[in-house]
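Student: Could you take a close look at one surface patch with me, and then go on to the charged pairs? I'd like to see how each residue sits in its surroundings.

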Amino acid sequence: MEQSKQPAKRLSDIIEDRLVEMILGGDFPPGAALPLERDLAAGLGVGRPTLREALQRLERDGWLSVRKGQPTRVNDYWRDGNLNIMAALARHHAKAPALFIDYLLELRVALTPAYVRQAVEADAARVVAMLVEHDQLADDPASFADFDWRLQKNLARAAANPVYALMLNSFDTAYLPLATEYFGGAANRRASARFYRRLMEAAMARDGALAAEVARAAMTAAMENWRADRAALDRAAGEELS
């Protein structure tokens with residue numbers, strides 16, 4: 001299992017996260033003006049220099065528009081944001097808009113076949129080596145989630161285009177809890193085990209096009225399974241309330 005020691009967060013990082021959560025939670029919706037700097041700093045319990053540092057990063061990423069002599073306003077982050085916002089939404093996925101996970105899954109359907117094909121065409125033996133341990137996976141959600149995430153990142157790193165790996169690295173904090181939930185279903189674990197086996201066969205045949213098709217089918221099925229699982233949970237919650 002990959003482990004990385006996380007550095008201690010600076011106070012400005014904590015304030016940045018709190019402001020993102022307030023934006024996502026509706027305290028400061030798109031178009032809203034933030035309180036005056038001195039009032040916002042006092043409300044957050046920090047000094048103005050710390051707040052300014054956080055605001056500058058939020059402006060850089062597209063959360064805010066800061067103009068001299070005018071109130072700082074919250075942007076439409078879907079329209080004005082950048083990849084840093086996507087990473088922030090992944091970190092705060094519990095507070096992100098409900099469709100964010102669906103959007104990510106659609107993106108995965110589009111991207112995964114491309115980097116899988118590149119990985120197989122660049123070094124099929126390396127891809128086979130990534131998949132060897134799938135037969136020994138413990139049949140539990142955490143084991144599948146950990147293996148699947150390591151596999152996806154290693155495939156992206158093996159691709160000719162390094163941007164795929166940069167994008168996947170943005171989702172470290174979100175992927176494991178969401179994948180663990182997804183792999184809580186035994187049928188989903190069985191479906192992924194079939195995907196690993198078929199992908200290994202395509203890699204052993206050094207067939208990048210086949211590997212891409214296998215990945216596309218598996219990612220599409222996973223997206224549909226996730227949506228079906230969420231719909232079932234929503235129905236169950238509705239029945240409890242009725």
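Tutor: Trp78, Leu99 and Tyr103 together make a nonpolar surface patch of about 330 Å². Such a patch joins nonpolar side chains (Val, Leu, Ile, Met, Phe, Trp, Tyr) within 5 Å, or like charges within 9 Å, from residues with over 30% relative accessible area and no salt bridge; areas are Shrake-Rupley values with a 1.4 Å probe. This is a predicted model, in which local features need pLDDT of at least 70 and side-chain atom pairs count only at 80 or more, while totals for chains, interfaces and linings use all residues. Residues are numbered from 1 along each chain, and side-chain values use heavy atoms, leaving out hydrogens and water.

Now to the charged pairs: the structure holds 20 salt bridges, each a Lys or Arg side-chain nitrogen within 4 Å of an Asp or Glu carboxyl oxygen. One of them pairs Asp17 with Arg91, whose closest N and O atoms are 3.8 Å apart. Since Asp17 is in helix 1 (residues 11-24) and Arg91 in helix 5 (residues 83-91), this pair ties together parts that are 74 residues apart in sequence. Asp17 is buried at 11% relative accessible area, whereas Arg91, at 40%, is partly exposed.

Asp139 and Arg189 form another salt bridge, with 2.6 Å between the closest N and O atoms. Here Asp139 lies in the loop between helix 7 (124-131) and helix 8 (141-158), and Arg189 in helix 11 (residues 186-204), so parts 50 residues apart in sequence are tied together. Asp139 is exposed, with a relative accessible area of 57%, while Arg189 is buried at 9%.

Arg60 and Asp61 also meet through their side chains, at 2.8 Å from N to O. Asp61 counts as buried at 4% relative accessibility, but Arg60 counts as exposed at 51%.

Finally, a network of salt bridges links Arg10, Asp13, Glu16, Glu53 and Arg57. For context, the UniProt record (an unreviewed entry) places "domain: HTH gntR-type" at residues 9-77; such annotations may be inferred rather than shown by experiment. That span is 54% helix and 6% strand, and its end C-alpha atoms lie 24 Å apart.

Key
Helix = DSSP H or I, 4+ residues; strand = E, 2+ residues; numbered from the N terminus. Buried < 20%, exposed > 50% of the residue type's maximum accessible area, 1.4 Å probe, protein only.
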